[in-house]
Amino acid sequence: MSPNDRRRNDDGTDPREGDRVPGPCRDGRRSDRYRPDGVPRTRLADGGATLGAGGDAELDRGPFSRWVDRSIQDPQRVYRAMFYVAAIFFLFTTLFPFYWLLMVALTPEGQLQDIVFTPNGFNPGAFVEVFQTLPFHWYMFNSFVIATASTVLVLVVASLAGYAFGRLEFPGKTPLMLLVLVVSFFPPAAFFIPLNDLFNTPVEILEPVMSDGTLYNTPGAMVMPISAIFMPLAIFILTTFYAQIPDGLEDAARVEGTTRLGALFRVIIPLSAPGVATAGVLTFIAVYNEFFFSYLMTDGEPANWAPILEGILGYQGQYEILFNLMAAASIIGVLPVAILVIVAQEKIVSGLTAGALKE
């Protein structure tokens, strides 16, 4: 055998060339027998995936499999995906009713049956006709006054009660707190019969002020029961926040000569701004949208403190219902609450940030 005769492998390669670094072939192309790092490649007999020296198989995967593999390596991808799915779901379920109200409001009367996802026509004058058909602005004013008065009353009383439950020790504290919370579980309808009898009974003290001596068709007939219903929730929220204020801050105010009541309004409440804002916003929204007591304690006239829901229902007559005006009135009525929520949200976030920096 001559020196030039070499034993070849079955595939025609030289076994002594296994450790060589790949170089250009005679035709100018690089050999595909070696990987870029100089490790020889080995091809599967079935012509499938290429295996490196001890490497894993580079399998062809679908988009979902690749996403799962990347998610296992980076769990933040899963959290982001879950957040986007939940956000889209809640945005759709929350904003779609308002979108549908807008479609109904912009559609002219008599063409509502042809609405799909766009208005059948364009009638922005419905938002002006709302105030021309009924004095809707008076209904909004009545609801705003009643909600504001109820919120102020709830915050004042709940602040005093929250301070007592959150920062003072006295006998029967826990049972009394449970009793306050139990009241919030009763449905409002359970209080209507005694309250209706109370507010419709003439009282001699009220006769010089009221023509019949009763609270019927007055803001008091709605402010007092509604405030009592939402008081337990506000007390619970403020008790939780007031209990978290360090005792040293209140003691420092007391040393300077401030009374307990002064320390409450000068130290405790400012430091508990998120809790106060939360209780106030929840109470205002609930009272602004309240219909049960207002429907039974008033005759539905705007001059007698009828709320906004009475105004929305005023667009349905005996022979026809103006759905486009009802939808337009609903959109107009919700705007003050939406603005309040946006402003209160900023206050809550700023209050939490300020509290964290003070700590």
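Angles between axes that are under 35 degrees count as roughly parallel, those over 145 as roughly antiparallel, those from 65 to 115 as roughly perpendicular, and the rest as oblique. The model shown is predicted, with local features needing pLDDT of at least 70 and side-chain atom pairs counting only at pLDDT 80 or more, while totals for chains, interfaces and linings use all residues. Residues are numbered from 1 along each chain as its sequence is written, and side-chain values use heavy atoms, leaving out hydrogens and water.

**View 1. The crossing of helices α8 and α9.** The axes of α8 (residues 247-255) and α9 (residues 260-271) come within 10 Å and cross at roughly 140° (axes are lines fitted to C-alpha atoms over the stretch in contact, with angles from 0 to 180 degrees between N-to-C directions). The two helices, α8 and α9, are therefore oblique to each other.

**View 2. The residues that meet between α8 and α9.** Leu 249, Glu 250, Ala 253 and Arg 254 of α8 meet Arg 260, Ala 263, Val 267, Ile 268 and Leu 271 of α9, where contact means heavy atoms within 4.5 Å. By class, this contact of α8 with α9 has six nonpolar, three charged and no polar residues.

**View 3. The largest cavity.** About 40 Å³ of space lies in the largest cavity, and the structure holds one cavity of 30 Å³ or more (on a 1 Å grid over the protein atoms alone, a cavity is a set of points where a 1.4 Å probe fits but cannot get out, and lining residues have an atom within 4 Å of a point). Its lining includes Ser 143, Ile 146, Met 222 and Glu 290.

Definitions and conventions
1 Å grid on protein atoms, 1.4 Å probe; cavity = no way out; pocket = protein on both sides within 12 Å on 5 of 7 lines; lining within 4 Å. Points joined across faces, edges and corners; volume = space filled by probe spheres on them. Helix = DSSP H or I, 4+ residues; strand = E, 2+ residues; numbered from the N terminus. Nonpolar A, V, L, I, M, F, W, Y, C, P; charged D, E, K, R; others polar.
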